[in-house]
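Hello,

Here is the structure for your files. My notes on its charged pairs follow below.

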Amino acid sequence: MAIMTDTVEEPSAPPALKATAPKAGGSFARYLVTRFLLIFPTIFILVTLVFFLMRVTGDPITAALGGRLTPDQLAERIAAAGYDRPVIVQYFEYLGQIFTGNFGRTISDNRAVTEVLTTYGAATAELAFNSLVIALLIGIPFGLMAAKLRDRWPDAILRVFAILCYATPVFFAGLLLKLIFGVWLGWLPIAGRAGINAELELTSLQNPTGIYLLDALRSGNMEAASDVIQHAILPAVALGLLTAGVFLRLVRTNVIGTLGRDYVEAGRSRGVSEYRLLTKHAYRPALIPIITVMGLQIALLLGGAVLTETTFEWKGLGFMLAQYLTARDFVAVQGIVVLLAVIVAVTNFIVDIIAALIDPRVRF
Amino acid sequence: MTRKKNGLRLAAAVVGISALALTACTSPAETPNASGGSDAPAAGSTITVGTTDKVTSLDPAGSYDNGSFMVMNQIYPFLLNSKPGSAEPENDMAESAEFTTPTDYTVKLKAGLKWANGTDLDSKDVKASFDRQVKIADPNGPSSLLGNLESVEAPDATTVVFKLKSGNDQTWPQVLTSPVGPIVDDELFPADKVLADDAIIAGKPFAGQYTIESYAKNSLISFKTFDGYQGLLGKPANAASNIKYYADSNNLKLDVQQGNIDVAWRSLSPTDVEDLSKDSKVKVHKGAGGELRYIVFNFNIMPHGVKTEDADPKKSQAVRQAAANLLDRQAIATKVYKDTYIPAYSFVPAGFTGAIEPLKEMYGENGGPSEAKAKAVLEAAGVSTPVELKLQYNPDHYGPSSGDEYAMVKSQLEAGGLFKVDLQSTEWVTYQKSRVTDYPAYQLGWFPDYSDADNFLTPFFAKDNFLGNGYDNAEVDKLINEQRVETDRAKRTALIEEIQTKVAGDLSTLPILQGAQVAVAGADVTGVETTLDASFKFRLGVLAK
Amino acid sequence: MSTTTTSIGAKKPLADRLPIISHLRMSAGLQRGMLVAGLVLSLIFILAAALAPLIAPFDFAQITDAEGDFPTQAAPGGKFIWGTTVGGFDVFSRTLWGAQTALLVIVMAVVCSIFLGVFLGLVSGYIGGWLDRVLVVVADAIYAFPSLLLAIVMSIVISQGQSSLWGGIMAAAISITVVFIPQYFRVIRAETVRLKAEPFVESAKVVGASTWRIMFKHVFRNATRTLPLIFTLNASEALLTLAGLGFLGFGIEPTKAAEWGYDLNRALSDATSGIWWTGVFPGVAIVLTVLGLTLVGESMNDLGDPRLRMRRKKKRTSGKGAA
C-alpha cells in the first residue's frame, strides 16, 4: 500500500480534468469547508465500524475468565456488565458518552481511557517522530542520488535497497537488529523505552510530557537522556527503514520527473551546474508531491507502529491496541481507534488542502 | 519417570528447608533501618524481577489473575498466609484463627496494626474487605471464591467472625490466603466499587512486606520495604525491589541473560529455558507447579456420547480409556516443553496433599503408551476403529507451545491406526463460547486459586462443574462433599485418593502435564528456590544479591 | 484480467499485448535486469508453490515417519537439509508448503479485491453524486484504519477463530480484501473520473449508449490498464499482511497449512538461543518473495510511465552527445 500510494498520487497523473464537475467548482473557501466537514463522517464511520466489529468478536469477560467459571456464572457476569443488552442500545449509549467527552474506563485494566491515550500516545508520537527523522535522513539524500545516477548501478543498488526495506517484515527486521546490535555486538538495549533507573526517574517527574527524551532533557539528567536515546535507536531504525524505502523511491521518481522538465533543460542549456540543477531546480518543485505523500505516510506509520512496538516492547498506542484487542476490551479499543481516526482524518484533510492549493483540478 | 518427578518434589522440599534456614540467618544480620528507610537503598540490594504477566487492577475486588495477585501479595496483608517453602496457612495478621462453631470461623487480629498511611488496621478493615468483594462482585473479580460465606462480623476491634453456609469447610483457611483474601483499608476503598490504581498508590493502603514507591502500570513498579509489617513473612532480604513488565518472553529472556534484570519469572518459552540453563551467568530454578494441562471430554457429543446417534456409555468410556492408553506424556514433556512440564498421572497434581497417580497403573505401560491395551479396550467394548475424534486446542491462552503439544497428541493417538484425529484450533473467546456445546474433546488448563487438592476436584467433578461436560457421578459427588468437611486429615486424604481413583476410571478429563514453576535468576541472586513452593506465591522478600 | 489486457489493443501482436512480455521487450539495461530478477524470484516462488507436493520430502505437519519421531530443533544436515523446528517439523518442507499457502492467499485476496474494488470504483466514479461521496468517505475511513488491525479483527469475525485450512485461507484472504478494496477503489475511481471527460466517452453518449454500457465497455477497458501493476504491488502487500497475521497468532493452524509468519513467530526464541535455521528460512522466503513481486511491479510501473521510461533513452543520447 505504501508503494502504491506514490504511484497513485503522482502529480501529473490526470492530464486534463477541466470538465470534472463544473457546477460544483466553487471557491477554495467552499472546498475548504466541505472538506473540513467530511472529517466528521470519516470518524463517525470508523467508530461505528469498530464498535460493531468488536461486539462480534466476543466480550472481555469471557476473554478474562472463560477458563475458570461455569457458563452460567459467565452469563451472569456478562449480564451484570450490561453486555447482553441489544447491541444497538449499547451503541447509542456509547455515542452519547463520546459526545459528552466521556471515553469511559478500560475493562481489562481499569484505567481512564483518556489517561491511556495521553500516556501511550506520547510514546507513539516519540517513535513516529524518531522514525520519520531516520526515514528522511535516509530517504531524501539517497533518493536524490538515485535520481542523479539513474539507470546506473548505484541507482539499481539503491532501488533494490529501498525494496528490501519495504519487503522485510518489521518483526523479521526487528529480530535481526536485536540479534546483531543487542546480542552479538551488545551495543544497544533490546527492548523497552528506557533502562530501569532512567524509567524510575522519569515516572517520578512532575507533569511529565510522556516523551521520554524531552523529559530526560528537561530534568537535566544526561545519563537518563543517553539511556533513552540508546533505547530509541533500534525501534526507530526498524520502523524508519520501512518508511525510508518508500521515501527513497518517492524522491527518485519525482525528481526524475522534474529533472526532465523544460525549465531544467533550459537551466542546463544555460550552463547551470548539474548539482545545482538537482538540488534547486529539480528538487524544489518535486518537494510538493513528496510532502503530500509524506503526510499520508503518517497514517501508515501509525499502522506500522503496531508490529514495531510489539517487537521492541515499546509501550505505545499500537502495542496497547494489540493487547486490548486480545483482551476484547471494547472500551479501550474504541477509544484508541477514535484517536487514530481523528489523527488520520485531520492529516488527510491537511494533505488534501495542500494538494488543492497546488492543483486546483482536484477540488470538487 | 517416577524417579524424575519424585526427584523434583524432593528437591523442592530440601531446598525449601535449607532456604528457610538461610532467611532465618539473613534477617537479623541486616542492619536495622534506624533512619526510617527514606534514604536510597545500598547498592546491590535492589532486586528487579521481570515478568510477562499483567496487572489488571491493584484492587483485590477488581482482579482475578496471577499478575495482579503477585503484586498484591507483596503489598497487602492477609489474615492467613504461608511461609516461603510451604503452602500451609499460618497466622499472618491473625493472632489466632479457628472454627469456634462448625459455621463460625473466628479470627483474632494482632494488636496495634497500622497501614503505611498511618491509619489503624483493625477488624473493620477486614469486614469491609470481604463485604465489598461480595457486594461489588466485579466481572473481573474473585468473589466466586466466597461462595460459602454467609456474612462477616466484627464484634470488637481485633475480632472477626466469618459465618459460613456449610460447616467445617476445610478449604476456608486456604480461601483466606487466596486472591479474595487481601485485606484493604476501609477508609480508602469504597464499599461499592473498584478503586482505580492511581488512587490506591496515592492513598498508600499498604501493610504487606512492601509499599509501592512508583507505579507505571504494566511497565514498571518499584517497591520499598515497609517497616511496619509484623506478619509471618518477616523483613525482606532486600531493601527495595522492582517489577518490570514484558509482553514478549523473548525480550524477557534477553534482559535476564544480559543482566538487565535479576530474575525472570513467568513465562519463558521452553527453548529459552533450555538455552539459559547452558549459560553460566544465570541459574534456572525449578519448583513443582500447580498448573495442570488436560483434555476435557464432552460426554454428550464425544464418539458414542449420550447425544450422538450411536450412544453407548460403555463404548464412549472405552474411547476415553483407549486415548489414555495411547498418551506418551513424557515424550510431550521432554520434546515440546524441554522438561519445564512433567507428566501428570492424576487430576490432583503431585505435591498436593492426597495426590496419587492412578492413571499410571490403570493405563499404558509404566507411564508410557500401550497400543495393545488401547486396542484391547476398544475391542472389548466393540468400538469400531479408527475412532474419529475432533480435538480442539487454543493457541493463544495456554502458551505458544500448545500447537506443538497437540500436534504430538494427535500423532500419538493416531499411532497404530486406532484414532483418526481432526485437530483444530480456535481463538480464545470463541473457544470459550463453543467449548461446552461444540467440542467433543478439547484442551484446557487450570491454575489453582489456592493450594488445596479440593481446588482440583470440586470445580471439575462435582455436579454442575465449570466444565459443563455432562459428567455426573453421584458417588464422586458425594465423596467430594464429604472431603470438604472432613476435619480428620488422614480421613480426608483417604477420601481425596478415592475420588481420584474413581474419576480415573471414568476419565471425565484426561490430564497430560503438570507445570513446573520456573524462575531464571542471575548467578548472584539468592533465595529464588525458597519461593517456588506449593503456595504458588512469588515473594520478592526472599530475594537478595 | 485476461479480457482486460486483450481488449486494450486488439490490433497489436500477441507478444505485445501480454503485460509482462511486452514490458520485457520495452525494457533495456539495468531496468531489464531488475525486471528479469523480479521475474525469476516470482517464478521460483510460484514453482515452489505448485511443486511443493512433489519436492517437499515431508508433509508440512509431519513429525514422525517409519524411522520414528523426528528430532526437534535438529541442525540442518542429513535427512533434514534445513533442520527441524521446535515442534519437530521439517523446515525445508514447511518453507516449500508455505509458498503454496502464500500463493493461495495472495491470489484469492487480490482477485476478490480487484472485483469488488474495481466495480465500486467504476460505479462511484462514473455515476458520481451522493453515492460517490458516501463511498469515498467510507473508503477513506477504512483506509485510515491501521490495516493489520483491521485484518486481525476481520479474521476473528470471519473465521470465528476457527483454523481449518480453507477457513484460515479464506479468513486471511477476506481480511486482506477488506483492507485493499479502498485502494483499488481509489485508483479506479480517479481513472474513471478522468476518463469520463474524455472525448470517446462523450461520443459514446452522443451515439446513445446506455450508462452501464459506457461504464463497462468504454471506461472499464481504459481504467483497468494499470491493474496488472497494482496486482503485483498488492500481491506483496497481501503476503506481508498474511505474515503479520500469522506472526501475531491470528493465522492458520500449523497442522492445517504451513505459514511463514507463524513459523517465524515460533522461531523467535530459537533465534536468540543460537538456533538460526528455524527463523532464517521462512523469513528470507518472505523477503525474497516480496522483493521479486515488487521488482516486477516497479519495473512495470516505470516502463508504463512515459516520464520514467522515455527520458532514459533521451538521456542516453544526450549523454553520448556530451561525451
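**Salt bridges**

Across all chains, a search of the whole structure gives 38 salt bridges. Please keep in mind that this is a predicted model.

In chain A, the side chains of Asp215(A) and Arg218(A) form a salt bridge, with 3.9 Å from N to O. Both residues belong to helix H10 (residues 212-219) of chain A, where they sit three residues apart, about one turn of the helix. Asp215(A) has a relative accessible area of 1%, so it counts as buried. Arg218(A), at 52%, is exposed.

In chain B, the side chains of Arg132(B) and Asp59(B) meet in a salt bridge at 2.7 Å, N to O. This pair links distant parts of the chain, 73 residues apart: Arg132(B) is in helix H3 (residues 123-136) of chain B, and Asp59(B) is in the loop between strand S1 (46-51) and helix H2 (66-75) of chain B. Arg132(B) is buried, with a relative accessible area of 3%, and Asp59(B) is buried as well, at 0%.

Also in chain B, Lys545(B) pairs with Asp262(B) in a salt bridge whose closest N and O atoms are 2.8 Å apart. Lys545(B) is partly exposed, at 43% relative accessible area, whereas Asp262(B) is buried, at 9%.

Lastly, Asp109(A), Arg111(A) and Glu115(A) are joined into one network by salt bridges that share partners.

Regards

Note on methods
Residues numbered from 1 in each chain as written. Chains lettered and ligands numbered in written order. Predicted model: local features only at pLDDT ≥ 70, side-chain atom pairs only at ≥ 80, totals over all residues. Heavy atoms only, no water. Salt bridge = Lys/Arg side-chain N within 4 Å of Asp/Glu carboxyl O. Helix = DSSP H or I, 4+ residues; strand = E, 2+ residues; numbered from the N terminus. Buried < 20%, exposed > 50% of the residue type's maximum accessible area, 1.4 Å probe, protein only.
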